[in-house]
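Below is a briefing on one protein model, meant to be read beside its sequence and coordinates. The points are grouped by topic.

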Amino acid sequence: MSTLIQVLAIITGMVLVSVGLLEAFAYKNPRLYPIFLIKPEDTGAVRLWTVNVGFYNIVWGLFGIAGVVIANSGDLATDRTIVAMMCIAHAILGAVLVISEPRLWLSGIGQALLPAIILWLMFAA
């Protein structure tokens, strides 16, 4: 894996972990209501999905970071597989987000764009 792919995979992983932490632990913060499209009275109802989706994003982000760590240990097949899986999943999930809730188009692009670029870099070479 090239250095560029590794850097982009680490950035993607860190973004996923950061967003996951916000989703899991800060969804009640009024400043985040516009991002999550929730109202103050909805926080109890959305707790289950925000915590679940938050940890989902944290775990996927850690997979991507682990792929880069494994890459630097010399296991080239495993590293590409792990990073590719993270990227494929989030490229698809970003598209699903846009399709399922068009008002979240910017979040969907944010979720899918960098993984799509990483995949292109991995397989176009």
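**Contacts, fold and pocket**

Of the contacts (heavy atoms within 4.5 Å) in the protein chain with a separation of 6 or more, 64% are between residues 24 or more positions apart. The model is predicted: local features need pLDDT of at least 70 and side-chain atom pairs count only at pLDDT 80 or more, while totals for chains, interfaces and linings use all residues. Residues are numbered from 1 along each chain as its sequence is written, and side-chain values use heavy atoms, with hydrogens and water left out.

**Overall fold**

- The protein chain has five helices and zero strands; helices (H or I, at least four residues) and strands (E, at least two) are DSSP runs, numbered from the N terminus.
- Read from the N terminus, the order of elements is α-α-α-α-α.
- The C-alpha trace spans about 50 × 25 × 20 Å along its principal axes.
- The protein chain has 125 residues, and 36% of them are buried. Buried means under 20% relative accessible area, exposed means over 50%, and partly exposed lies in between (1.4 Å probe, protein chains only).

**Largest pocket**

- The largest pocket holds about 640 Å³ of space. The elements that each give two or more residues to its lining are helix 1, helix 2 (33-36), helix 3 (43-71), helix 4 (76-100) and helix 5 (105-124).
- A pocket is defined on a 1 Å grid over the protein atoms alone, as an open set of points where a 1.4 Å probe fits, with protein on both sides within 12 Å along at least five of seven lines; lining residues have an atom within 4 Å of a point.
- For the volume, grid points are joined across faces, edges and corners, and the space filled by probe spheres set on the points is taken.
- The lining of the largest pocket consists of 23 residues, and those nearest its centre are Val19, Glu23, Asn57, Leu97 and Gln111.
- With six residues, helix 1 gives the most to this lining.

**Glu23**

- Glu23 sits in helix 1 (residues 3-25) and is among the lining residues nearest the centre of the largest pocket.
- Glu23 is buried but has no salt bridge, and the nearest side chain of opposite charge is that of Arg47, 14 Å away. Lys and Arg count as positive and Asp and Glu as negative, whereas His and the chain ends are not counted. A salt bridge is a side-chain nitrogen of Lys or Arg within 4 Å of a carboxyl oxygen of Asp or Glu.
- The side chains of Glu23 and Asn57 are joined by a polar contact of 2.8 Å. A polar contact is a pair of N or O atoms within 3.5 Å; within protein, one must be able to donate a hydrogen and the other to accept it, and residues adjacent in sequence count only if both atoms are side-chain atoms.
- Leaving out residues up to four places away in sequence, Glu23 touches Phe36, Thr50, Val51, Val53, Gly54 and Asn57.

**Salt bridge**

- The structure holds one salt bridge. Glu101 and Arg103 form a salt bridge in which the closest N and O atoms are 2.9 Å apart.
- Glu101 counts as partly exposed because its relative accessibility is 24%, and Arg103 counts as exposed because its value is 60%.

**Helix 4 and helix 5**

- Ala91 lies in helix 4, and Ala112 in helix 5.
- Ala112, not counting residues up to four places away in sequence, touches His90, Ala91, Gly94 and Ala95.
- Ala112 has a relative accessible area of 15%, so this residue is buried.
- From C-alpha to C-alpha, Ala91 and Ile117 are 9.5 Å apart in space and 26 residues apart in sequence.

**N-terminal part and a loop residue**

- Ser2 belongs to the segment before helix 1 and is partly exposed, with a relative accessible area of 37%.
- Gln6 is in helix 1 and, at 15% relative accessibility, counts as buried.
- Beyond its neighbours within four places in sequence, Gln6 is in contact with Met1, Val68 and Asn72.
- Leu37 lies in the loop between helix 2 and helix 3. Although not a glycine, Leu37 has a positive phi of about 55°.
- At 36% relative accessibility, Leu37 counts as partly exposed.
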